[in-house]
Amino acid sequence: MADFSSYIIPGLIAFIIIFAYSKGVGVYDSFAEGVKMGASSVVDMFPSVFALFVAVGALRASGLIDFLGELISPLCSFLHLPQELVPFVLIKPISGSASLALASDLFKNFGADSYCGRLASVIMGSTETVFYTIAVYFGACGVKNIRHSLKCALIANIFGMIMSIIVCNFYF
Amino acid sequence: MLNIVWIFIMLASVVYAFFTGRAAELCTGMFSGAEDSISFLVKIGSFMVLWQGILNVADKSSLSESFSKILSPIICRVFNKVKKGSLELGLIANNLTANILGLSNAATPLGISAMKELAKSSKDGRATDDMCLLAVINSSSLQLIPSTLIAMRTSFGSEVPGDIIVPIWLVSSLTAVFAVLICRFSQRSERDGRL
């Protein structure tokens, strides 16, 4: 399976190039245009990524991150969740940049191919920043009464995290 | 939101470090965090730029339109009041397609336009069933290729950075189905509660 997944990205790139060429798209020019857009979105990311990396650096160095993990460890062992992942799991629905910073902290300390690293990856890839999304979507259309949406989104988010644990246990 | 999160993490760390006598470590930690963020962005940034280039090629080739067409019948089934050939159907289809292809810059504006279109049938600032459903679907992850994540794993020395793709597909599709089901269940119980 791991072998198959290495083919997904190159395969997709080849498919997109062939598909675009067959539709008469200027492939190279579109690529270059996208590169320009990508570069500016990386620059846009910089301030919040920088801020949250500093915060996570402080969180780890102060020892608070380990303390928090130990505090919730009984619940963790019940859920089969490594306690190192607790801060990451808590911040994921709230902030994208903060979860990016915490995930890279996990990769750095435990390795990207460790169970911890893989579980963090699966949670990262299969859940969203719930609070942010709900706020943006309803804020933009001026709706005050959002009814059951936040509750449902959060329940789905927790479901996603539990499914990540189950799937990772079977898959890796 | 980020404001509160940042303030909380910073202050809590400082207070905790003072109590445990780790002020020196705290300083080093913050500086190495700052340093890490630069190397992080250089490594991840280069992959993001590459991927954005490829996605732009896909976007120009009307791949999104073909994809939206496949999604439309499913959307009509899932959303109660969205009719075939309507403006909101097109917007929702494009929003979900952009999410699936990972065009996050395009996805949010499309989703917001779809919400505004749906909001036309809402009363007194109260969200309709379909608006709730669209917001909930958007707050679950639909991305086919988690490109930033793969770049991160590569830069931290993963030997098989893509081996998380299949589990992610499994989990995110189950979660999306679950999100739709729980949303519909809540609609129904809310309505029954009022009767």
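How much area do chain B and chain A bury between them, and what share of it is on carbon and sulfur atoms?

Modeller: The model is a predicted one. Chain B and chain A bury about 8100 Å² between them, and carbon and sulfur atoms carry 78% of that area. On the side of chain B, the residues that lose the most area to chain A are Y16(B), L41(B) and F156(B), which together make up 7% of what that side buries. The contact draws on 92 residues of chain B and 90 residues of chain A.

Polar and charged groups also meet across this interface. There are 23 residue pairs in polar contact between chain B and chain A, with both residues at pLDDT 80 or more. The salt bridges between the two chains number 6. One of them joins D113(A) to R153(B), with the closest N and O atoms 3.2 Å apart.

Let us turn to the elements of chain B. The most comes from α2(B), which gives 23 residues. By residue type, the side of chain B that touches chain A divides into 51 nonpolar, 30 polar and 11 charged residues.

Terms used
Residues numbered from 1 in each chain as written. Chains lettered and ligands numbered in written order. Predicted model: local features only at pLDDT ≥ 70, side-chain atom pairs only at ≥ 80, totals over all residues. Heavy atoms only, no water. Contact = heavy atoms within 4.5 Å. Buried area = accessible area lost by both parts, 1.4 Å probe. Salt bridge = Lys/Arg side-chain N within 4 Å of Asp/Glu carboxyl O. Polar contact = N/O pair within 3.5 Å; in protein donor to acceptor, adjacent residues only side chain to side chain. Helix = DSSP H or I, 4+ residues; strand = E, 2+ residues; numbered from the N terminus. Nonpolar A, V, L, I, M, F, W, Y, C, P; charged D, E, K, R; others polar.
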